[in-house]
Amino acid sequence: MPEGLPALLTVEEAAELLRIGRTKAYAMAKQWRESGGAFGLPVIDLGDVLRVPLARLESMTGADFAETTALGATTTAKPARESRACPGPATRLLSPQ
């Protein structure tokens, strides 16, 4: 298989590329199916699974995902920021005194 993304993505993979949640992606896929392809996330129904054609996703968004080598990482990805989480009130309440 060539490097890069497959021609047919799972709904979860498409959601990751679009930076939306899984639930939103499935809701958009449902809209696509119910509207006869007028709007929503373009999907192909393969019986008990849905797949999103990469070419349709690129056409719909105007994005070129060709540089994406794997989901979650592109050739121009920036390093993730470190978490600066601090304990909130709930954490302090649960901590032994």
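A residue counts as exposed when its relative accessible area is over 50%, as buried when under 20%, and as partly exposed in between. The model on screen is predicted.

**Stop 1: helix H2**

Select Glu34. Its relative accessible area is 60%, so Glu34 is exposed.

**Stop 2: from H2 to strand E2**

Select Arg33 and Asp45. Their side chains meet in a salt bridge, at 2.6 Å from N to O. Arg33 belongs to helix H2 and Asp45 to strand E2, so this pair ties together parts that are twelve residues apart in sequence. Colour both by accessibility: Arg33 is partly exposed at 49%, and Asp45 is partly exposed at 40%.

**Stop 3: from H2 to helix H1**

Go to Arg22 in helix H2 (residues 22-34) and Glu12 in helix H1 (residues 11-18). What do their side chains form? A salt bridge joins Glu12 and Arg22, and the closest N and O atoms are 3.2 Å apart. The pair therefore ties together parts that are ten residues apart in sequence. Arg22 is exposed, with a relative accessible area of 52%, whereas Glu12 is partly exposed at 32%.

**Stop 4: the sheet**

Switch to a cartoon view and select the strands. Three of them form an open sheet in the order E1-E3-E2, with antiparallel pairing. Strands E1 (8-9) and E2 are the edge strands, and each pairs on one side only. Between E1 and strand E3 (residues 50-53) there are two bridges, in the antiparallel sense. To see the two strands face each other, select Leu8, which stands opposite Pro53 in E3.

Next, show helix H3 (residues 54-61). H3 packs on the sheet and touches E1 and E3. The direction of H3 makes about 55 degrees with that of E3.

**Stop 5**

Ile44 lies in strand E2 (residues 44-45). Is Ile44 exposed, partly exposed or buried? Its relative accessible area is 35%, so Ile44 counts as partly exposed.

Key
Residues numbered from 1 in each chain as written. Predicted model: local features only at pLDDT ≥ 70, side-chain atom pairs only at ≥ 80, totals over all residues. Heavy atoms only, no water. Helix = DSSP H or I, 4+ residues; strand = E, 2+ residues; numbered from the N terminus. Buried < 20%, exposed > 50% of the residue type's maximum accessible area, 1.4 Å probe, protein only. Pairing = 2+ DSSP bridges. Contact = heavy atoms within 4.5 Å. Axes fitted to C-alpha atoms, helices over the stretch in contact; angles between N-to-C directions. Salt bridge = Lys/Arg side-chain N within 4 Å of Asp/Glu carboxyl O.
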